[in-house]
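Please look over the model shown here. A short report on selected local features is set out below it.

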Amino acid sequence: MTNIAPPPESTPPTIYMKDYTPPSYRVDSVELDFDLDQKDTVVGARLVMRRNLEHPHPRPPLVLDGQQLELLELRLDGRMLAAEEYRLDAEHLTIESVPDAFVLETRVRIHPDANTALEGLYHSGAMLCTQCEAEGFRRITFYPDRPDVMARFSVTLRGDQARYPVLLSNGNPVARGEEDGRHWVRWEDPFPKPSYLFAVVAGQLECVENRFTTMSGREVMLRLYVEKANLGKTDHAMASLKQAMRWDEQTYAREYDLDIYMIVAVNDFNMGAMENKGLNIFNASCVLASSETATDDDYYSIQRIIGHEYFHNWSGNRVTCRDWFQLSLKEGFTVFRDQEFSADLNSRAVKRIDDTNVLRTHQFAEDASPMAHPVRPNHYIEINNFYTATIYNKGAEVVRMIRNLIGPDGFRKGTDLYFERHDGQAVTTEEFVRAMEDANDIDLSQFRCWYDQAGTPEITVHEAWDPEQSIYSLTLEQSCPPTPGQTEKKPFHIPVAVGLMDGQGQDLPLQLEGEPAPGEITRVLSLTKPRQTFRFTGLSERPRPSLLRDFSAPVKLHTGYDNTQLRFRLAHDSDAFNRWEASQELALGALLRLIGDWQQERDLTVDTELLDAFGQVLNVVDVDKALIARILTLPSESYIADQMDVVDVEAIHAARQFLRRRLSEHLWDDFLHVYEDNTEPGPYRFSAEDMARRSLKNMALGYLIALDEPAFYELCVDQYEARHNMTDEMAALSLLADLDIPARQAALDDFYRRWRHDPKVVEKWLSLQAGSSLPDTLQRVKALLEHPAFDLHNPNKVRALIDHFCASNPLRFHVADGIGYRFLADCVLELDPLNPSITARLVKNLSRWRRYDPARQALMKAQLERILAQEVLSKDVYEVASRSLEG
């Protein structure tokens, strides 16, 4: 069941932010009545509506959104409307004339089991559930399905008591009853909400309960609903929820506002989770965990996502977005909040590094692609295509930059004012920035460019030292490359956090010219001009700069530092992020030189000084072990590719493998000691200390495997067979999956045999094989499409196998004959009629085709053209494919 857009010769319409108008009619209250059935569900709706006096048209027609709804009944103020009194098409229900205030009643029939798009009400396993963001509610009933229409909802759910013993919706349960093997429950949400936050779940579910006492002393019931087989995997999610509730009270003074908070785990879900008011629906992979089935990364991710969806209760639900162009208002702000939550509970330095890695790998690439768009886009064809790294991750960086400019206390004053001023409203990013300005008496006019301009700004650094006057001058030049529709860019307002070190690596107090005395050791400089010079005084020697500390802005920094300067920063910089950054720049420089040598068929060599610098880090005892593991992890092949004018996947892979092996050969004894010193067979604990230990140990094992020594293969097999926890088991299996040795297939077969009944673990098994660098990987992926473990209707399985191969295995996806591109296009054409949203994300793997050599360009372009040539194509896929060719 899908929303089929017109064929390419009839271009889908583009929606522009400049065309926004307030809704013609407001909805004061909604009463919904569901007669639930997997095949045929009947939905009754009673809308109390009134004309919006803010709308420019004095007597606008009533236009309600609705897709794939069978209209059974339509009444206006109790009177049944005749067919000639309304118009009905595939997208809308229109009534030309209605009173200023009225009650509209409808009854419609929908078909959950045929809804493979997983938008609206659909069937998943033994339950019915909903996904309404962004525009899924129109698949449930006729409604003004837009975020600036907020109403109070009362929902009655009716169903067979044996098939649907659990009936859930938003708000609080207020009544229930039973009748002849059926039962019903009525839910009321006292807070107005947009339709995208509506939710229903019905099915055979088990409930885990707990309680939380808010800072005002009110008790909230916490309920986590899962299938019976997953009852033992809920403890971490429940603990994470209570941590998030307490953190939001302590950090933002935001208290939960309903009597009950519910989370439901669903196997078939397009996204990670959804913040529906009081009833969060989660992809099961983002909520279920046990030490036997979940890795450290899973535990960490669950903690973060649980927090993210809870934090939305204020940053997204109580204050929501006026229109979908403002999506980052709720998502960027909430990602920033969940990042800080995770940093406070775990290693702050490592969290910042990991978030930056995600941004650079995914969002910087998006900024450099035909799909580039501002944090606040100005147009779209299908809004589902804009749940992107730019909206989420760059949006979070924009919020972080505001905090960097006004400080933590000023930021808290700004958020307090924002929540107080706009509680219960649908607003824009402008209101968020204005609250920060008003609370801190600051002008952020120029800063607004971050919301309106696409692209990744670049800063070039120039230094000068005047020994006679003891003045160090730091000149920063900013620029931003052209992006689709934006060839010229205004200067950004960029916060650049700076420190200066002496010759021993000690931080110096900073004093800008004109200031009376030295101050703190890190200063945030405001770069607002194309070229700007900052002069530091009171220095006894030429300082060593530490720039963009804690990655204070999402920019590319060009310093021109040589290896000596980078090694100094790696050894001495007090800023953990910049120590890691120095390691990445050192490794990247070596890798780019190796790539050039490989392309010219010259002998490959690596400077011993680089190997020794990494060895010194490995032997430091007073540094976070997780930070050491990050420092010694080489840049990814995708990130290396982004530093090249023309991507050469074979050269990148060869260079990276060579550098890994040279590090292994030079430091193998150190790696072995690290592995042995951090191997503890005790019970699994999810803690920052234990995660750091396992991270460092498994990093060391990876380097030892690069030696191609049978003894270390056996060490890897032993770790896999020990099965102390899923983190160590998966680390070993991922290394074996990349080796052409008999133990590989034996381990993969054993893993599947043991875990074939756990879909979340099977997804890991699929991803491991899709990410293998072995030559026959694509053939294995194609075979897995026919495996019982794979289901094209399940988004998690599609992501685990198809998307992981295309997005995370550049060596095999970009094979020179183009077979990887044809495979992707074949999958797109098969999947698009089922689930356009997931399909469009697959197409993005072809969007940067111009970055490759002419032969690969032609092959990728041909598959994009093949996709666009289809007679029937979803608008989701059409938008991505057409923009990829145009950009």
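## Basis

This is a predicted model, in which local features need pLDDT of at least 70, side-chain atom pairs count only at pLDDT 80 or more, and totals for chains, interfaces and linings use all residues. Residues are numbered from 1 along each chain as its sequence is written, and side-chain values use heavy atoms, with hydrogens and water left out.

## Helix α25

Helix α25 spans residues 875-886 and has twelve residues. Helices (H or I, at least four residues) and strands (E, at least two) are DSSP runs, numbered from the N terminus. Eleven of the twelve residues of α25 are buried, where buried means under 20% relative accessible area, exposed over 50% and partly exposed in between (1.4 Å probe, protein chains only). Among the buried residues are Lys-875, Tyr-878 and Arg-883.

The buried residues of α25 pack against β23 (379-380), α22 (819-831), α23 (836-843) and α24 (854-868); contact means heavy atoms within 4.5 Å.

## Backbone features

The peptide bond from Glu-133 to Ala-134 is cis, with omega near 5°. Ala-134 lies in the loop between β11 (127-131) and β12 (151-160).

Asp-77 has a positive phi, near 50°, and is not a glycine. Its loop runs between β5 (70-76) and β6 (79-80), and Asp-77 is partly exposed, at 44% relative accessible area. Asp-708 has a positive phi near 60°. This residue sits in the loop between α14 (688-705) and α15 (710-722) and is partly exposed, with a relative accessible area of 45%.

Note on methods:
The expected span of a helix is 1.5 Å times one less than its number of residues.
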